[in-house]
Amino acid sequence: MTGEVTTNRATSRRLVGRERELARLEALLDDAIADHAVQTVFVEGEAGVGKTRTAQEFASRAAARGANVLVGRCVAFGEQILPYAPLVELLTDLVRRLGAAEVIRLAGHAAPELTRWIPALADSIPVPEPTRASASLLFQAVSAMIDGLSADAPVIVIVEDLHWADRSTLEFITLLGSHLRGDTLLVFTVRTDEPPGDAAVGRFIAESGRRSGQHVVIERLTRDEQALQLSDILGVPPRTALLDEIYERAEGNPFFAEELLVLGSSGELPATIRDLLLARLEELAPATRQALRAASVIGRRVPHRLLERVADIPAPAIDAALRPAVEHHVLLTEVADGGAYVFRHALLQEAIAGGLLPGEAARLHRRVAEALTESPDLANDLVSVAGRIARHWDAAGDGPRALTAAVIAARVAARALAFSESLAQYERAVSLLDALPDEDVHLDEPCYLVLWSAAEVAHLAARPERAGELIRRAIAAVDPAEQHHHGYMYERLGRYLWMAAEGEDALVAYERAVELVPAEPVTSWRAAVLSGYSQVLMLAGRFEESLPLAREAIELARQVGARSVEGHARNNLGVDLSYLGELEEGIAELRMSRRIAEEEFEDVDDIARAIVNLHSALFDAGRMTESADVALEGIGVVESLGLKHRKGVWCRCDAAEALLHLGRNLEATRLLDEADALEPAGIDAVRVDLISGMLLFRLGDLDRARSRLEAARHAGARLLDGQMLGPLYATLVEVLAAVGELDEALATADEGHAKLHGEEHAVFSVPLFAAAASAAAAAATIGGRRGGRARVDDVLIWVARSEASIARSRSVNPVALAEYAVAKCELTDAAGDPDSAAWLAVAEQWQDLQDPFREAQARLRAAGALLATGGDRTTAALELRTAWTTAERVGAAHVVHLAEDTAKRARITLRDDPPETSDDDPYHLTRREQDVLALVAEGLTDRAIGGRLFISHRTVERHVSNLLAKLGAGRRSELTAIAYRDGLAHRTPAAG
Amino acid sequence: MALFMDVHDRVEGLTAEAVAGAHAKDLEVQDRYGVDYRQYWFDEGSGKVFCLVDAPDAEAAAQVHREAHGLVADQLVPVQEG
């Protein structure tokens, strides 16, 4: 095999094979461009099979078509923890290409956050203090930058070696995948022949991959392809014997084949790639091997000046030692940043590092740590250098220095918002603290502060249990004379315990915190502790106790100018007030707390919390339109804050629930489809099933409604939350009654009643009791003489339960009152004495509440009562028609069917009006709706339209929501667009 | 000197570029053996290659191939120019 390598090449110039894979990648890029969407694709395969090569080939072809290619590599976990390594690399490269000013311009308002990753930018913009909003801002900066680039040309983001990604990077790219504007393809290369460093990687691939369904698997080359590869490297076709030999061992793995070719001259060929690589090293001179061993300790990328220091070989000698490594294609050279060597493939570095003797490794790691501590700029990467130093001291077995370095690295990682990595460094520090004697601990702050920081980082990394353990250790280590710290750490403990679903223990911790933090002189510590305590009391539904604490916290926060604490406390106060009957005041507080949270922008959760709480308060007060508006706005806000997965499903359900009450069923359907697409889990999934079931019931799709509600009942079997249980059981009972399974409906009502413990707020319980009363009344009516009496008693029981529940609640919302009125009507119906006037009054109540579905149901029942009691047929016909058109308008198929059925039996014609719409009106708008639409298109507000047409603005609102539904528009502005497009806006409004 | 047509039944990894590379190597080596590789034809799909060579004898022609790149022809057929 002598003399086979006759060129200076170890790698083929052109990519062999892979045309099918490249075509798939190009098709995905085309899709991303055509749909203005973000596509995600995983390029998978074993080590050395050519994932990077394929991605590079694709990138250079795409770049030739004008695409912008950004590349970042993950760094081996076993080598060191480099938080956000691929993103830092990609951004650093972008700064190099576009210049700092352009990158800052693209990143927009959040640009200063980029200094966390690219210290070089700090020359151009100030470094901001980290807050709990920093992660969100940093994300905004990066996504704004990519969106800015993709506005001009398609963008391809390549993240190499995803199997070595850290958790922070994974979270970041998950967000990118769902938030980027479009025209963007995210490409991840992943090794599949060994498990990833972090199990989270596997989950990420499984989840994103399932969603996108995009995996491009790079298979081994066929014999023909491998022949072409060799032919390209050698410049001549390979001899059959050579091809046989290489193909037999490399089995189509291109990197293996390249290495075999380079090894060439040695007779015996090794069987595994690791043996092969080590055999390759044996070929090299001892000095070269020594230099390579030192390099392998530094990493895959080895800055020349650092290697000089570590290898302990003088300058001319080290060049001589390294030259053969470059000539034999072990190392590649880079000229950027003062010169560096890069192992040609990660496998080479792994093989060399794996062959080090323990003492040798420790000695080399110590040298690297010393060199980097002395001159951090040797690393060429200032962000990660602290982590590198810590890891090298650790590997060198120097406990005291490893401890100090780990704490520094943890702080640096936290500043870069890499909380999982920061926690990993803190955990290392904590275990060293346990192991080292006191005289070996050299820290710049008391031990308890380190533990406290560790706890806070665990909290931010969404590990509340661990945060609780760490803060307990901090509390044990603090001198109680540090009263404020001591007390405030109990507040933190309370918060972590609440997050860990340990409600009782959390309250105990807060009590202790209030006890320990001195009331005088007034401090922000004191204000924060009181506000925190009021929050958990509020969450536990203890509004009366929470309220005075919230007020006191606000007062103290104002005294010391702690505005974020003030906002936090006002949020608690707002909820307390709303549920204690002071709705207007509560809403004002919630709005103010949101404003403060947005102004301060310290903790994004506070903004989301203000929105969610404001929605609940409005919704439970029956103010559906406002509550829908808040929830719809909230969807956009939480997404812009990077909370799509944590809060996006919940906000969509909030909005859909309000919209379905308003009869805006098309909008609700769209939101629930979106919520389903986010693949919710846990309580989020239960809520999506629940709201979907409610919507499907109202649309008359009873079978599907039933199966989604049953799914919610099954998955939420251990729920204790009345806000979910109440509507779940209420709707399930209604669905079962509607399909005629009355016994099942009544049994389900009993189950729901038991679950609610009879102590829930009327807003959650009365709808269930009213649904049960309706089911019992239906059973009584069908039951005839046999058992009829007993059934009427059943109805009475449910009416009495409703009444008791209302009497128990300090404030009762109008929805609960309307439901209660329904239950009473059911009782008179069941007793054989239908009261049409009462049903009409109920219909009016629902109309005022802007719930067209319930209004239609009640009008239908009013008509039925009139017909049954021989009342005024004209009124009955009118009510029936109104019920029918209303139900038809909101797509309530079941109610439409019932109305038609009643009309047929009573010989009432539903369509006796001359058609109001002409043929050129495909939307079947009423004349009134046409008038309103024309004025909407003129840009008038509801109030102004009401003034023009002599109707109330509430009525206008109703017409507008009908128009939205009929025209399939999502927003008012869309209405205008459609009106002009279809010539509906030119009609002159009718007089009156 | 005699004309031969050599036939490679199936050269694996055959590309236009690689066969040109191989021919170039023949040209580097051939003078030492008094051989003249004049022309070649190939088909990438089947891997077939035909070389027209002017050589003192069949063995000299084969030796040039062997030394240049190691791809020795499967058949070497004496031919005459028509």
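Tutor: Two residues are in contact if their C-beta atoms, placed from the backbone, lie within 7 Å. Keep that in mind for helix α14 of chain A. The model is predicted.

Student: What covers the buried residues of α14(A)?

Tutor: Take the helix itself before its cover. α14(A) runs over residues 315-327, 13 residues in total. From first C-alpha to last it reaches 19 Å, close to the 18 Å expected at 1.5 Å a residue. Its buried residues are I318(A), A321(A), L322(A) and A325(A). The cover includes two helices, α12 (286-298) and α13 (304-311) of chain A. It also includes two strands, β7 (331-334) and β8 (340-343) of chain A.

Student: How should I read the positions of buried residues along a helix?

Tutor: An α-helix has 3.6 residues a turn, so residues three or four places apart point the same way. Now look again at I318(A), A321(A), L322(A) and A325(A), the buried residues of α14(A).

Student: Which residue with a positive phi follows α14(A)?

Tutor: H329(A) follows the helix, with phi near 60°.

Student: Is R466(A) buried or exposed?

Tutor: Count neighbours. R466(A) has 20 C-beta neighbours inside 10 Å, so this residue counts as buried. R466(A) sits in helix α21 (residues 464-477) of chain A. L497(A) is 31 residues from R466(A) in sequence, and their C-alpha atoms are 10.0 Å apart.

Student: How many residues of chain A are buried, as a percentage?

Tutor: Buried residues make up 55% of the 992 in chain A. The chain has 46 helices and eight strands. Of its contacts with a separation of 6 or more, 65% join residues 24 or more positions apart.

Student: In what order do the five strands of the open sheet lie?

Tutor: The order is β2-β3-β4-β1-β5 in chain A, with parallel pairing. β2 (68-73) and β5 (215-217) of chain A are the edge strands, each pairing on one side only. From one strand to the next, the twist averages 20°.

Student: How many bridges join β2(A) to β3(A)?

Tutor: Six bridges link β2(A) with the parallel strand β3(A), residues 155-160. In one of the pairs, L70(A) has V157(A) of β3(A) as its bridge partner.

Student: Which strands does α1 of chain A touch on the sheet?

Tutor: α1(A), residues 19-34, packs on the sheet against β1 (38-45), β3, β4 (184-191) and β5 of chain A. Its direction makes about 165° with that of β1(A). Helix α2(A), residues 51-64, also packs on the sheet. α2(A) touches β1, β2, β3 and β4 of chain A, and its direction makes about 165° with that of β3(A).

Student: How do I describe two packed helices?

Tutor: Use the angle between their axes and the distance between the axes. In chain B, α1 (residues 16-30) and α2 (residues 58-68) pack at about 115°, with axes 9 Å apart. The crossing of α1(B) and α2(B) is right-handed. Among the residues that α1(B) brings are A22(B), K25(B) and V29(B); α2(B) brings V64(B), H65(B), E67(B) and A68(B). By class, this contact has four nonpolar, two polar and four charged residues.

Student: How many residues does each chain give to the contact between chains A and B?

Tutor: Chain A gives 12 residues and chain B gives 13. On the chain A side, α8 (223-234) and α9 (240-250) give two or more residues each. The largest share, five residues, comes from α8(A). That side of chain A has seven nonpolar, three polar and two charged residues.

Note on methods: Residues are numbered from 1 along each chain as its sequence is written. Chains are lettered from A and ligands numbered from 1 in the order in which they are written. This is a predicted model: local features need pLDDT of at least 70, side-chain atom pairs count only at pLDDT 80 or more; totals for chains, interfaces and linings use all residues. Helices (H or I, at least four residues) and strands (E, at least two) are DSSP runs, numbered from the N terminus. A residue is buried if 20 or more other C-beta atoms lie within 10 Å of its own, exposed if 12 or fewer, and partly exposed in between; C-beta atoms are placed from the backbone. Axes are lines fitted to C-alpha atoms, for helices over the stretch in contact, and angles run from 0 to 180 degrees between N-to-C directions. A crossing is left-handed if the near helix is turned anticlockwise from the far one by less than a right angle, and right-handed if clockwise. Ala, Val, Leu, Ile, Met, Phe, Trp, Tyr, Cys and Pro count as nonpolar, Asp, Glu, Lys and Arg as charged, and the others, Gly among them, as polar. The expected span of a helix is 1.5 Å times one less than its number of residues. Two strands pair if DSSP finds at least two bridges between them.
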